[in-house]
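Subject: Structure for you to look at

Dear colleague,

I am passing on the structure we spoke about, and below it I set out what was found. Please read the notes with the structure open beside you.

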Amino acid sequence: HPAAAGDATAVAHPNIALIKYWGKRDERLVLPWTDSLSLTLDVFPTTTRVRLAPGAGRDAVTLDGVPLAGEPRRRVVAFLELVRERAGLALPAVVETRNTVPTGAGLASSASGFAALAAAAGAAYGLGLDATGLSRLARRGSGSAARSVFGGFALWHAGQPGHADADLGSYAEPLPVPVRALDPALVVAVVDAGPKAVSSREAMRHTVDTSPLYRPWAASSQADLIEMRHALDRADLDAVGEIAERNALGMHATMLAARPAVRYLSAATLTVLDAVLELRRGGVAAYATMDAGPNVKVLCRGADAQRVAAAVRGAVGTAAVHLAGPGPGARLLGANP
Ligand code: PMV
């Protein structure tokens with residue numbers, strides 16, 4: 001569609017954290033306790049169009065053509081309120097989103113979703129943000145979205161706790177990594193595409209509040225991040241994978257130790273983890289990471305991706321397996337605010 005005044009369309013891709021974000025120190029501003037580091041993928045884009053609607057009484061929000069209701073709608077409207085407040089414009093909007101990834105299944109749909117929404121709404125309401133500003137804004141929609149503003153590897157700074165304007169210090173930036181030498185691929189095993197029973201927002205809050213393992217994990221995660229950056233610098237895929245896997249398992253351990261436990265990992269998850277171990281025993285560099293859901297992303301070399309995918313399919317015949325590589329940052333397809 002041709003761009004018109006107050007009309008912008010943006011596309012963004014999900015990212016998978018190799019050093020996880022888990023736990024907020026400020027819920028309203030979405031400030032995390034720890035830094036995190038991710039790879040933006042080249043699969044499952046979200047495309048979002050935002051049009052200002054002067055005549056409308058309220059925002060109209062659809063996902064794949066279906067009007068959103070309840071909590072998902074509330075989150076989008078709250079995000080638009082933030083954009084309107086910054087723009088000094090009270091106009092409602094029509095928001096149309098197309099997702100190519102199962103929503104709410106721990107496949108980072110909120111990361112691509114809020115990165116695309118931030119870019120499109122920011123342009124439609126004329127905020128004039130640079131990439132850093134866009135990352136800060138996307139963060140307010142969903143923490144992990146701060147990283148999907150950038151392609152390839154991205155580092156999200158938690159920002160200084162106690163800093164006067166903490167919002168300013170918490171944004172993602174692209175991380176220079178020798179990507180060709182590293183040749184990273186993620187084999188995404190969708191063992192269950194259904195929406196999660198517990199939102200990551202609730203699960204994080206509960207983990208921070210009740211898990212005796214949360215603080216130790218947060219401390220070790222900062223150490224993992226430093227090691228990870230060195231491993232990326234020297235394009236050492238085995239070290240990158242080892243650190244990513246232990247960081248993810250540690251995050252899930254904090255949840256398993258919460259009271260009561262939050263468990264996203266299923267029997268099928270463990271079957272994939274066994275297959276990953278088997279691959280490693282056979283000399284293939286393959287390492288697993290899991291988010292707020294049972295699905296497994298296996299980090300390997302691009303050159304090994306087909307073989308890893310076949311092993312995962314062999315282990316869980318019902319899993320849909322997708323091959324992903326490094327993808328681009330959020331971008332506008334058309335805007336004329
Ligand atoms: O962005 P949120 O609030 O959906 O949090 C997602 C957190 C994890 O995906 C589990 C980890 C991460 O860093 O992406």
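Two strands are said to pair if DSSP finds at least two bridges between them, while helices (H or I, at least four residues) and strands (E, at least two) are DSSP runs, numbered from the N terminus. This is a predicted model, in which local features need pLDDT of at least 70 and side-chain atom pairs count only at pLDDT 80 or more, whereas totals for chains, interfaces and linings use all residues. Residues are numbered from 1 along each chain as its sequence is written.

With those terms in hand, β13 pairs with strand β14 (residues 296–301) in the antiparallel sense, over five bridges, and C300 in β14 is the bridge partner of A286. Both strands belong to an open, antiparallel sheet of four, ordered β13-β14-β12-β15. Because β13 (286–290) and β15 (320–324) stand at the edges with a single partner strand each, one side of each is left without a neighbour in the sheet.

As for the whole protein, there are eleven helices and 16 strands. Its radius of gyration, taken over C-alpha atoms, is 19 Å, close to the 20 Å that the globule rule gives for 337 residues, so the protein is as compact as a globular protein of that length; the rule is 2.2 Å times the number of residues to the power 0.38. The C-alpha atoms fill a box of roughly 65 × 45 × 40 Å, taken along the principal axes.
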